[in-house]
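I record what I looked up, with the criteria used.

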Amino acid sequence: MAALWVSVGSLIAAGRRGQRFPQQLMQRGALWTLKYASYYSRQQLMVTRRLCSAECSNEKTFDKILVANRGEIACRVIKTCKKMGIKTVAIHSDVDASSVHVKMADEAVCVGPAPTSKSYLNMDAIMEAIKKTRAQAVHPGYGFLSENKEFAKCLAAEDVIFIGPDTHAIQAMGDKIESKLLAKKAKVNTIPGFDGVVKDADEAVRIAREIGYPVMIKASAGGGGKGMRIAWDDEETRDGFRFSSQEAASSFGDDRLLIEKFIDNPRHIEIQVLGDKHGNALWLNERECSIQRRNQKVIEEAPSIFLDSMTRRAMGEQAVALAKAVKYSSAGTVEFLVDSKKNFYFLEMNTRLQVPATWKIGDSCLKAHLPVEAEVFIRRKRGTEEKDQGRGMKSSLCANEDSPFHKVEHPVTECITGLDLVQEMIRVAKGYPLRHTQADIPINGWAVECRVYAEDPYKSFGLPSIGRLSQYQEPIHLPGLVTYGSNRTEALKRMEDALDNYVIRGVTHNIALLREVIINSRFVKGDFNTKFLSDEYPDGFKGHKLTENERNQLLAIASSLFVASQLRAQHFQEHENSRVPIVKSQVANWELSIKLNDEVHTVVASNSGKTFSVEVDGLKLNVTSTWNLASPLLSVNVDGTQRMIQCLSREAGGSMSIQFLGTVYKVRILTKVAAELNKFMLEKVAEDTSSILRSPMPGMVVAVAVKPGDMVAEGQEICVIEAMKMQNSMTAGKTGKVKSVHCKAGDTVGEGDLLMELQ
Amino acid sequence: MAAAMRVAGAGARLSVVVSDLRVAARSLCSQPVSINQRVEDKRRAALMGGGQRRIDAQHKRGKLLARERISLLLDPDSFIESDMFVEHRCADFGMAADKNKDFTVFGGSLSGAHAQKICKIMDQAMTVGAPVIGLNDSGGARIQEGVESLAGYADIFLRNVMASGVIPQISLIMGPCAGGAVYSPALTDFTFMVKDTSYLFITGPDVVKSVTNENVTQEELGGARTHTTISGVAHRAFENDVEALCNLREFFNYLPLSNLDPAPIRECHDPSDRLVPELDTIVPLESTKAYNMADIIHSVVDEREFFEIMPNYAKNIIVGFARMNGRTVGIVGNQPKVASGCLDINSSVKGARFVRFCDAFNIPLITFVDVPGFLPGTAQEYGGIIRHGAKLLYAFAEATVPKVTVITRKAYGGAYDVMSSKHLCGDTNYAWPTAEIAVMGAKGAVEIIFKGHENVEDAQAEYIDKFANPFPAAVRGFVDDIIQPSSTRARICCDLDVLTSKKVQRPWRKHANIPL
């Protein structure tokens, strides 16, 4: 009975919501704003959004849209549709039947089994779904069918509207060479030395010499960091040519390359454009994407601290000119390289909603920002895993279907302009003209986005890692990893907190690197370019470098945590039958010895209630917390400084991993007695790592260059491992004779797997 | 940890046997100075063990002295040596007894006196209901003493057997342990080893060489690796003495003090009603795909703390201790990642022994089931899988502690019955929506039922629809509920609370007759 009432109630509520949708949304927005105004400085944004909704509340777009995608992007589109009062249809494969996007949509249609070629790329089934549900328009998201001409044609034949740029524009901009020619024609600044298709290595060298070193070699068809190599001399040009053409062939099935002048110390700044079907186009300000690793974005912010309004306008106007030249009628991104003199050069135009470079691979299943790579990677490996059990396959699936989605497109731009890009795309697709003028586009506040990847930042600033996400908790009160503030300092401070509050367990992630960058003084000053990471960390990223004060804080926190867990171990609930009278231990002072980075520190800790008084190497600190040993996050007060720490592991032998200031530190805590006796313990002989080669990441062996008995020189290539479609050259650690080779082309290898041994 | 903690809490109530001390002083009080002096001298001599040279030699091998080991195992000042000052032993019963063989004295070989002292401590431990921890570092019987030391062994073995199921007995092998000495650890509930420095064998490499002409090193014959991966004699191995003793402290915390003590409940910070969303997606939809059962265990138990027993032996079954809402529980789970999680001889025996320990010491059992059946083949049949598989069946059926079972995926054939099924008096049996409870998998079943039929695929689909799901079992009450995986922790914690007062009466018998 009760259940019946509830469902009736919700039906009524749903009906009302349907009728009065825009008004209610406005009220809610306003309420929300009032309620949280003191916590957020986003009210400005909310007001802007509210005004937008109010303006277009009577504008009729579509009754029903089919979202031909899944994961995060699908959720993002559905969210905007809901806001606009449009019914949504989700499609899914049979394994995705219970994913978030399906739950969010009003209707869902299964379009086939798990392999994407039979489901999300299955045009017939999708056309069938469109007919069945009578959807009037299709939002393709990105990847899958978003750039498929056939699909666009089929839709046109059925009078169904395709939401996104038309195929002509996609094609024109999808090809790097054609896009540059078009850009030149539209009087957009292009990079000097730009030339055509490269046939072979000799031609590559000839062209490179003509342009003058350094040059960049990359795939015509690819974007982002794929197939991109920088060469400073002839030999590197040959190497680069070989690698890039291989990668281009394996990633895009198209081995065309291009060579162009490499601009030293450039910034990567991109302009968001929005066009309609009436020949209008706007620029929605810039995004600063200079912090990159291997040419892939790590941190984005809007606006850029580097641009003045004149440069901004000049870039915006050129971007708009290009958009108009290709009759661009959707949201798109025009990427520029900007040199230190604020000269800017057109790089390429992205014709879809943002596709972070790493997500372009294979299918683009995005369940959450983080586990994506692991997911994709694992799916990719499925084919080989059966044959090769135990090797390489380290996990089954990334869970986390239910984690909130965020930031598929350009949240930083939306934050500072107050525009909902998906909404504008839908309007434009319906044929409405743009409803803003250039003068309407504001820069309100500052927004920063961090790309949290499932990768190990200590290896080349991020080599892919896989694992099963065991715990995942996004920062509370902060929408994903986009933070907003009235100014840059505020936005960055919030980002710092957000990163400290981000709980990711089970997979390696790059939070340590992200946090280090946003507090880096050069970054804070705005003095950076695309080479920032390699300049700042020439020997590779090593984690946060603790100041003496920070180190003492860490040691004090770790000891307190240790003592807290020791004390907790005595707290047993008394039973009736318990024959052990438990007397409180009267240990007043805990004398401990802590090892951190091979240095041993002496600590004396004593506690009263929630506060520990800790003497670290003679210096006294007071540490207060709830000491909840189960909580993934622990807020700790050390002598008045608030720190958010995460205790990742606590072992019986005294080893502890603590994430402090973004970086994970390993400490070993022993009581004084144990530390004394530990001196007698023998060091176990570590493996001689120079004569063996282990895979630094999970991946597939694409080529093996040596066989047993070969002599190899230090630095010589042993094999190439492809991971996340990046080819990584594995080199010998020392000169010697190959004893045995443990891999062959086509093998799937896991992190730490033995590849080769030297004698 | 808690071992020591609890020892500390109870005050100085430990007794120890020191193998080299032959003289026991009667009393310190009001004795002539000369007696006091003698006591002091003896005490100093005892503390020196086998002398500085031998102490150094022991340290050089990365090994600690008996007293140093004890100082790590227990809290400072919580340990008083028994049979050194007799009045201490008499004044206060030990709550955790500790037998310890000191390698620096006669290579720790067993003397009659030594055995006598061990027996005394064990007798006390049994009287008061206190666990026994043996730190073994012994060369075997002291040949010089002849039959007396053999008798000593037997005395200890008898104590081990008498104490079995009454108080938990733990052996930590910290050096060579050869000959007769090995049977004492074998009779105790758990045997832990220290890597690279400890060995367990009946006869050493020299004798092996002369008898069978096999060339084998100590490490290969009876090292920690051998016993934790091949023979299954030892339950876990640790890097060194310090690691081992720290872990032993941690391990001790999971155990009740005796069979009359309920499973300990430690202060718990992990909410008992915590939902575990990642479990909803952990079982792959394709029933042939593997996943890691350890992931399920870690995310269900308190603070992901799981003390695994025999982690490297018969890996197709996972057993170990964890806590649910603070209370110690024994976890048994099939591991689909290894041999599809099937039951074979080794895994049955591993599981059975663990289940019986938990049952003896009032530790509730949580069983996670994903089992495709017993492993077929001549190797298994010749090895006696029928007899050995029966052990696990027997152990689960016999257990009267609270039993909660979660079927995560497959529960096929006889193995379904074995894995703490409702029919073996499981108290609460859950199935996840992914559960398939049937006599066998679809493919095999269809091959038998529809032998010679053409439309095999349809028949398979029909079979899957009819049997490869939790409903047939749920309809008959063989599972109590089909639960959302994310709610597993909350449900188990709740059930355990209800089951605390569980009481089962079994008819009197001298002892049961498990198929050994």
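I began with the hairpin that β12(A) and β13(A) form, with 5 residues between them. In its turn, K342(A) has a positive phi of about 65°. The structure is a predicted model, in which local features need pLDDT of at least 70, side-chain atom pairs count only at pLDDT 80 or more, and totals for chains, interfaces and linings use all residues. Residues are numbered from 1 along each chain as its sequence is written, chains are lettered from A and ligands numbered from 1 in the order in which they are written, and side-chain values use heavy atoms, with hydrogens and water left out.

**Strand β12 of chain A**

I noted that β12(A) and β13 (residues 344-350) pair in the antiparallel sense over 6 bridges; two strands pair if DSSP finds at least two bridges between them. Helices (H or I, at least four residues) and strands (E, at least two) are DSSP runs, numbered from the N terminus. Within this pairing, L337(A) has Y345(A) as its bridge partner. I then found 8 bridges from β12(A) to β9 (residues 267-275) of chain A, again antiparallel. There, A331(A) is the bridge partner of L274(A).

I checked burial next (buried is under 20% relative accessible area, exposed over 50%, partly exposed in between; 1.4 Å probe, protein chains only). Strand β12(A), residues 331-338, has 8 of its 8 residues buried, so it is largely enclosed by the rest of the structure. A331(A), T333(A), E335(A) and L337(A) point one way, while G332(A), V334(A), F336(A) and V338(A) point the other way. I recalled that side chains alternate between the two faces of the sheet in a regular strand.

**Strand β9 of chain B**

I recorded 4 antiparallel bridges between β8 (residues 306-309) of chain B and β9(B), where I309(B) stands opposite V319(B). A further 8 bridges, also antiparallel, join β9(B) to β10 (residues 327-334) of chain B; here I317(B) stands opposite N334(B). β9(B) and β10(B) form a hairpin with 2 residues between them, and N325(B) in the turn has a positive phi of about 50°.

**Open sheets of chain A**

I listed an open sheet of 5 strands in the order β3-β2-β1-β4-β5, with parallel pairing. Its edge strands are β3 (107-112) and β5 (161-162), each pairing on one side only. Strand β2(A), residues 87-93, is joined to β3(A) by 5 bridges, and I91(A) has V109(A) as its bridge partner.

I also listed an antiparallel open sheet of 4 strands, ordered β28-β35-β33-β30. β28 (692-694) and β30 (711-712) stand at its edges with a single partner strand each, so one side of each is left without a neighbour in the sheet. Strands β33(A) and β35(A) pair over 3 bridges, with L758(A) as the bridge partner of V738(A).

**Place of D233(A)**

Lastly, I located D233(A) in the loop between β7 (229-231) and α11 (234-252) of chain A. At 34% relative accessibility, D233(A) counts as partly exposed.
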